[in-house]
Amino acid sequence: MSKKEEIYNKDYQSRMNRYYDEFKWLYMELYQDQYAAFHDLCDDLHAYFQARETDLKERDCERSADPQWYRGNDMLGMMLYVDAFAKDLNGVREKIPYFKSCGVNYIHLMPLLDSPEEKNDGGYAVSDFCRVKPELGTMEDLKRLAEECHEQDISLCLDFVMNHTSEEHEWARRAKAGEREYQNRYFFYDNYDIPSQFERTVPQVFPTTAPGNFTWNPDTGKVVMTTFYPYQWDLNYGNPTVFREMVGNMLYLVNQGIDIIRLDAVPYIWKQPGTNCRNLPQVHNIVRMMRIICEVVCPGVLLLGEVVMEPDKVAPYFGTVEKPECHMLYNVTTMASLWHTVATKDARLLRRQMDIMHALPKEYVFQNYLRCHDDIGWGLDYAFLRSFGMEEVSHKKFLNDYFTGKYEGSFARGELYNASEELGDARLCGTTASLCGVEMAVDENKDERAAAVGENTGNMTGAVINGTDGDVSALVFDGRHDTMPHPISGIAADDALNQAIRYDLTLHAFMLAQSGIPVIYSGDEIGETNDYSYHDEPKKRDDSRYLHRGAFRWDLEEARHREGSVQQRIFDGLRQMEQIRSSHYVFRADADVWTVDTWDDSVLGIIRSGAGQKLVTLYNFSDQDRIAWINENDGMYTDLLSGSRMEAKGVQMPAFGCRWLLRDCDVCEAGR
Ligand code: GLC
């Protein structure tokens, strides 16, 4: 054994010693008296550690020495579907230079493990945790991708779909074949007695596309629990074998070089009749054990919890400072509150949400985002909204009308998701660019342009609507008056496009200026609009989330090199802000952050202060120019976005615009 390996082994032992008592105690809480099973699990951990490659152990070691490694102001994520982005894993590897050009150093690859051809919920119905979906490549390809990413200082995140397996998973097949042992890995019932007890208290995740929480299984003549789709069978974590095997699957993946494990749908993993089967204390017990397991076996690996829950349920997944659970969580409430603000042009709820965020311990790392692969659920603080007379059901209807463009004056183009009349509920899909007006403005511009030159607009509209049609010119139209003849009315359309692009960038500016890790949804960096082609695909048409899961438009990526194109303006605007972010200390998570009164409900003001720097950020959610009536009486500021110098007093704010005002001082210039 090499000297290095000897040191790593010793480190492993000391980490295990440090956590052993707590680990055992947590385990026994769930699996009373299962001593042998506990020891088997510990043996597994050791075996996975032994199997971990030296390079990865070295990385663990470096990261343990710098536990702040993911908390800086230079982390920038991007999430993408392998096939939509570059066909397969090798394709993604070839695109590493593109990630570098975007400044991205953390890539979340959407589910890529083996899952059935149909009935796969976008890969969230895994049939083999140790095999890559053949059309995307092999485990070797994944490993190679991870290695090359690591060489380029890029971390890789992968989903760990732990709540359920596909009905095609080997365990499910054996359960269907009648093997008791495998049925016990799921929730099987001989009749509907217990399931109907559950149904009384358990809400539905997909009330329209997959109603109910149980599915009749004709092979066994039994009923099986299926919280999500009927083909996603819930795993029974009350069974220690399930826990052991799933931990093994997770460690197998991290040993391929995965840096960040996304714990998919984690609040759902423990079920108990009479409860809503969400966020039960046992879930926290399991997550804490998984954290300990990572700390012991692979301390360089992070856990990202997918907790899409009401605000007070989210932060507990960080655990406590002494007993942490997840390293990172999605900032879901801020995301939903932001889109609410876009529709209402009223930033009061968002301000309140930011005040809540700013009061949380700085150790908490949130993943900030505008859009992801899922719908936007309207999980807002309705108690607060009620004080302004906004009721949950009618307000959700307003938001959905607004973002589907039904509401008069709306510029948004989205589609509903899981609309249920009975519950008065629906969620929403669409890309950032389409939701903040780029799609509509581009279409209007095309119409204007066609009218000006006497063209038929049909083909050009197709370019946007199908998302795949060859005519890119419509999308890259730059919106400047000097490049084309335009009728008088064209001016309005031109302004609409400028405004929409500005708004797109303003929303990204808001995301980038928060503490935590900003994550771009692939395609947003070039302002991709909705892809309606899923309507024609039978396997996808019932799931409107495919509206924003279209193929990456490399043709539009080309267009970003064309000065003045929509893509260039969004891409370069984003790059500018990302570079500002990563080169100023004040964006680090340890800065103090607070909101400031602007005396205008449409304008949100947030101040960051740290390392001698002070940054006043202002966001105008109104379609009118406004003034932020702040009065920071401490000298001159420079707007990092426009370069203008000004006082932070009565600041002029363009419609849908933003400013990042840095107080002039020596240290500020020093940057990072
Ligand atoms: C998570 C995923 C979502 C999926 C669900 C079921 O919420 O983000 O896309 O449908 O889990 O696995």
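**Entry 1: the largest pocket**

I looked up the lining of the largest pocket and found 24 nonpolar, 10 polar and 14 charged residues. In this count Ala, Val, Leu, Ile, Met, Phe, Trp, Tyr, Cys and Pro are nonpolar, Asp, Glu, Lys and Arg are charged, and the others, Gly among them, are polar. I note that the model is predicted, that local features need pLDDT of at least 70 and side-chain atom pairs pLDDT 80 or more, and that totals for chains, interfaces and linings use all residues. Residues are numbered from 1 along each chain as its sequence is written, and side-chain values use heavy atoms, with hydrogens and water left out.

I recorded a volume of about 1300 Å³ for the largest pocket. Of its 48 lining residues, Y268, V308, M309, G377 and R427 are the closest to the centre. A pocket here is an open set of points on a 1 Å grid over the protein atoms alone, where a 1.4 Å probe fits, with protein on both sides within 12 Å along at least five of seven lines; lining residues have an atom within 4 Å of a point. A volume is the space filled by probe spheres set on the points, which are joined across faces, edges and corners.

At least two residues each come from α14 (332-344), α15 (348-358), α16 (382-386), α17 (392-403) and β16 (425-429). Helices (H or I, at least four residues) and strands (E, at least two) are DSSP runs, numbered from the N terminus.

**Entry 2: the ligand**

I found the ligand in the largest pocket, where "sits in" requires more than half of its atoms to lie within 2 Å of the grid points. Around the ligand are 13 residues, of which D121, D264, E306, H373 and D374 are the closest; the cut-off is a heavy atom within 4 Å. This shell holds 3 nonpolar, 3 polar and 7 charged residues.

I checked polar contacts, that is, pairs of N or O atoms within 3.5 Å. An N or O atom in the side chain of D374 is 2.4 Å from a ligand oxygen atom. For E306 the corresponding value is 2.9 Å, and for D264 it is 3.0 Å. The protein covers 95% of the 310 Å² of accessible area that the ligand has on its own, by the Shrake-Rupley method with a 1.4 Å probe.

Key:
Polar contact = N/O pair within 3.5 Å; in protein donor to acceptor, adjacent residues only side chain to side chain.
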